[in-house]
Structure formats: structure tokens, C-alpha cells
There are 2 protein chains.
Amino acid sequence: MNKTPLAPQKVRLPRVVWFTGLSGAGKSTLANALEKVLAANGMHTCVLDGDKLRHGLNRDLGYSHAERVENIRRVGEVAKLMIDAGLIVLVALISPFREDRRKVRELFGPGEFIEVHVSTPLEVCERRDPKGLYRKARAGEMPDFTGISSPYELPEAPQLELDTAHLPVHECVARILTLLQARDREQPTAGKPPPTYNPGWFVAGRTDK
Amino acid sequence: MNKTPLAPQKVRLPRVVWFTGLSGAGKSTLANALEKVLAANGMHTCVLDGDKLRHGLNRDLGYSHAERVENIRRVGEVAKLMIDAGLIVLVALISPFREDRRKVRELFGPGEFIEVHVSTPLEVCERRDPKGLYRKARAGEMPDFTGISSPYELPEAPQLELDTAHLPVHECVARILTLLQARDREQPTAGKPPPTYNPGWFVAGRTDK
């Protein structure tokens with residue numbers, strides 16, 4: 001991670017970085033690596049990991065189409081609450097359906113939502129199979145498994161496409177940081193968060209008394 | 001608010017302050033006033049307001065017993081995510097059932113969860129009736145309305161009881177701040193948030209390079 005061309009002081013506005021892609025594509029790995037870099041540089045971050053949320057907020061939901069839709073809706077709403085609280089939110093969620101991702105994006109102001117397609121090919125994800133889920137899915141034990149028995153609808157215009165079969169983690173993180181920094185320069189968040197939520201504002205305005 | 005005996009530097013650990021009480025008791029008023037003071041002193045806070053959440057995360061839920069239970073469960077889970085991200089979370093939610101509040105409390109480490117009973121009497125809340133809901137409830141137009149047609153189960157051992165019919169807002173806020181400061185001294189949060197989430201840690205360790 002030391003090679004990352006990091007200019008952390010330039011990443012300061014609340015954003016949602018939404019990692020979408022197949023199971024095993026590397027979404028959580030990238031979210032956690034990015035969080036480490038941002039947090040180590042004083043950014044206030046939060047990872048919303050689809051798998052973990054299914055043990056908490058979304059533990060009442062299964063994997064039917066309707067439940068997947070609701071799963072994504074809730075994660076989007078929580079991300080919105082967190083961005084309003086001034087956090088940089090990193091979401092790792094398969095979120096296979098284009099329509100659901102579109103709805104989530106609409107919750108946010110222009111420039112706040114950054115869609116990262118972790119585009120690692122199915123065959124690589126299946127070879128990795130970190131949780132043994134592909135094996136189960138191929139054996140018919142997992143109905144509605146994305147990429148096998150349920151579709152993954154490719155993002156049409158993601159802000160970034162990262163194939164972890166070809167890019168090392170630190171390079172992926174560097175590309176996201178570059179994008180975040182560019183966003184900060186070009187697209188201030190749309191009137192959000194209110195000034196009272198922005199920790200940077202207080203650091204600048206209040207610590208000198 | 002200027003009279004508040006505030007020592008903000010002593011409130012620094014993530015906590016959930018959970019305001020429970022009747023509709024119109026003053027929960028949101030207190031949560032928002034407390035947030036202003038904490039935020040103005042550089043604390044990173046978030047208000048989870050039950051009414052507002054019903055337009056977002058919980059907009060699929062009605063007011064039946066099961067839906068109220070689910071409503072409270074979700075707010076608890078979101079508060080937990082936020083406390084893990086290092087925020088001070090202020091929840092304003094009627095949360096009428098003792099059992100639900102107990103379940104929520106169990107999500108948190110010792111000392112992290114602070115139950116504030118906003119104990120303004122029913123007759124005062126009904127006289128205020130800021131949203132005209134009591135009038136509707138009395139007219140039979142609101143089934144399951146807490147205090148009228150659905151019970152409010154009194155907290156047995158809240159950390160604080162505040163009757164806004166007798167205490168002005170700034171005095172209520174001062175008492176909560178005093179409690180938060182005492183908690184910081186006596187009860188460090190139970191191993192949470194992990195150090196990497198604590199902005200104070202980074203401010204101390206990283207800004208000098």
C-alpha cells in the first residue's frame with residue numbers, strides 16, 4: 001500500500017463508493033483496503049458489507065428477487081444516512097440488478113455516488129470460491145445464485161471498472177483515490193452534508209479557541 | 001444554550017443516546033438540540049429520527065405491533081453500524097415496548113447505550129399535539145396510537161428521565177452532557193469502535209507528519 005500515490009488531504013467530502021460485482025470478485029477486499037488508507041489519513045469512513053449486514057439489519061431477508069431488492073434498498077438508505085452524517089461510505093454488495101442500483105443512485109446528490117464495477121470474470125471468481133458458494137451453486141444447492149442461476153446485470157456506465165484478476169489491490173485503491181480526489185475538485189456534494197455535520201468544518205473553525 | 005455548563009472535550013466516545021417517550025414529548029427537540037451542542041464542539045453526531053426514517057429506511061412499515069417491533073429493530077441495527085463508525089448517535093423514537101428496547105440495548109457494549117425517558121405527561125403531549133395526531137387518535141382515526149389506543153411501557157431503569165413540561169431544553173441538554181461526560185470517565189466503550197475508526201486516534205497519531 002506504500003506505493004499508493006496518495007494525497008489524502010484532497011479526499012474530504014462525503015461520498016458513497018458502491019462496489020458491485022459477482023461473489024468473490026473482490027468487493028469487500030477493495031472496500032476494506034480503501035478504508036484502511038482513508039482512515040489512516042484521518043478520513044471518517046464506514047464499510048457496509050452485504051454479507052455482514054445479513055447478520056444484522058438484513059437478517060430477516062432471504063435471496064428471492066423481492067428480498068434482494070429490499071436488501072439493496074435498505075443498504076442504500078443506510079448509506080444515505082451515513083453520508084448525511086459526513087462519512088465516506090464504502091458499500092460492498094453484489095447488487096446484481098441495474099434498476100436497483102439506479103434507484104439507490106437517485107438517493108444521492110450529483111457526484112456523491114460512485115459506482116465501481118468490480119469486473120473480475122466469473123471463471124476467476126469461481127476458481128477463487130472463497131466461501132465454497134459456487135461449488136454449492138453448481139451442485140444445485142443455492143437457488144438464485146448470481147452468475148450461476150440468477151443474472152448479474154452489467155453496469156452500463158460505472159465510474160470505474162476494476163478487474164482484480166489483472167490489477168493488484170493497491171493499484172485498484174490508487175485508482176479509486178484518484179477518482180475521489182478528482183470528484184472533490186470538480187463536484188462538491190450537492191448541498192450535503194449540512195455544514196454542522198462536516199468534521200473538517202469544525203476542525204477549521206473551532207479548535208483555535 | 002449558552003448557559004450549558006459544557007465541557008465538550010470530555011464527550012468523545014461513541015454512544016447511543018436513545019430518547020423514548022410519547023409522541024409530542026420532546027424527543028426530537030432534545031435530540032436536535034443536543035446534536036447542535038455536540039456538533040458545534042467538534043463531536044461527530046447523527047440523529048436518527050423515527051418520523052424521518054419512516055420516509056426512508058422504514059417506509060415499508062406500518063404501525064401494527066409486528067411492524068413497530070421491526071421498526072425499532074432496524075433503528076437499533078443502524079445505530080450499531082454508526083456507533084461502530086465512531087459516531088455519537090441520537091435516536092428519537094417512541095419505542096413503546098420494553099422488550100424491544102431491551103433487545104436494542106443488547107446490541108451494544110456496556111455503557112454505550114444510554115436510555116433517556118422523555119417523560120412528559122400524556123396530557124401535556126396531547127395539549128401540544130404538534131402534528132394533530134392526538135386529535136385524530138381520539139377521533140378513532142389512528143388505531144394503535146401510543147398512549148391512546150396502544151400502550152407505552154414505562155422504562156424501568158432509564159439512565160435519565162426528563163420531563164419537558166418542567167425542564168427547559170437547555171437544562172435537559174445539560175443533564176445529558178453531564179451524563180455523557182461521566183460515562184466517558186467511568187465506562188470506556190467495550191472494545192468499540194476499533195482503533196482504526198476512531199478519528200481522535202488519527203488526529204493524535206497522524207496529523208503531525
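**Ground rules.** This is a predicted model, where local features need pLDDT of at least 70, side-chain atom pairs count only at pLDDT 80 or more, and totals for chains, interfaces and linings use all residues. Residues are numbered from 1 along each chain as its sequence is written, while chains are lettered from A and ligands numbered from 1 in the order in which they are written.

**Confidence.** I checked the complex scores: the predictor gives an ipTM of 0.82 and a pTM of 0.84. A contact means C-beta atoms, placed from the backbone, within 7 Å.

**Fold of chain A.** I get eight helices and five strands, taken as DSSP runs numbered from the N terminus (helices H or I, at least four residues; strands E, at least two). Along the sequence they read β-α-β-α-α-β-α-β-α-α-β-α-α. Of the 209 residues, 43% are buried, meaning 20 or more other C-beta atoms within 10 Å of the residue's own, those atoms being placed from the backbone. Counting contacts between residues at least 6 apart in sequence, 79% join residues at least 24 apart.

**Sheet.** What is the strand order in chain A? I read an open, parallel sheet, β2-β3-β1-β4-β5, with pairing taken as at least two DSSP bridges between strands. β2 (45-49) and β5 (160-162) of chain A are at the edges with a single partner strand each, so one side of each has no neighbour in the sheet. Four bridges link β1 (residues 16-21) of chain A to β3 (residues 88-92) of chain A, and W18(A) sits opposite V91(A) in β3(A). Helix α3 (residues 65-84) of chain A packs on the sheet, touching β1, β2 and β3 of chain A, and its direction makes about 165° with that of β3(A). Angles run from 0 to 180 degrees between N-to-C directions, with axes fitted to C-alpha atoms, for helices over the stretch in contact.

**Helix pair in chain B.** I looked at α1 (residues 27-40) of chain B and α7 (residues 169-186) of chain B: their axes come within 10 Å and cross at roughly 65°. On the α1(B) side I noted residues including L30(B) and L34(B), meeting an α7(B) set that includes V173(B) and I176(B).

Definitions and conventions:
Buried ≥ 20, exposed ≤ 12 C-beta atoms within 10 Å, placed from the backbone. Contact = placed C-beta atoms within 7 Å.
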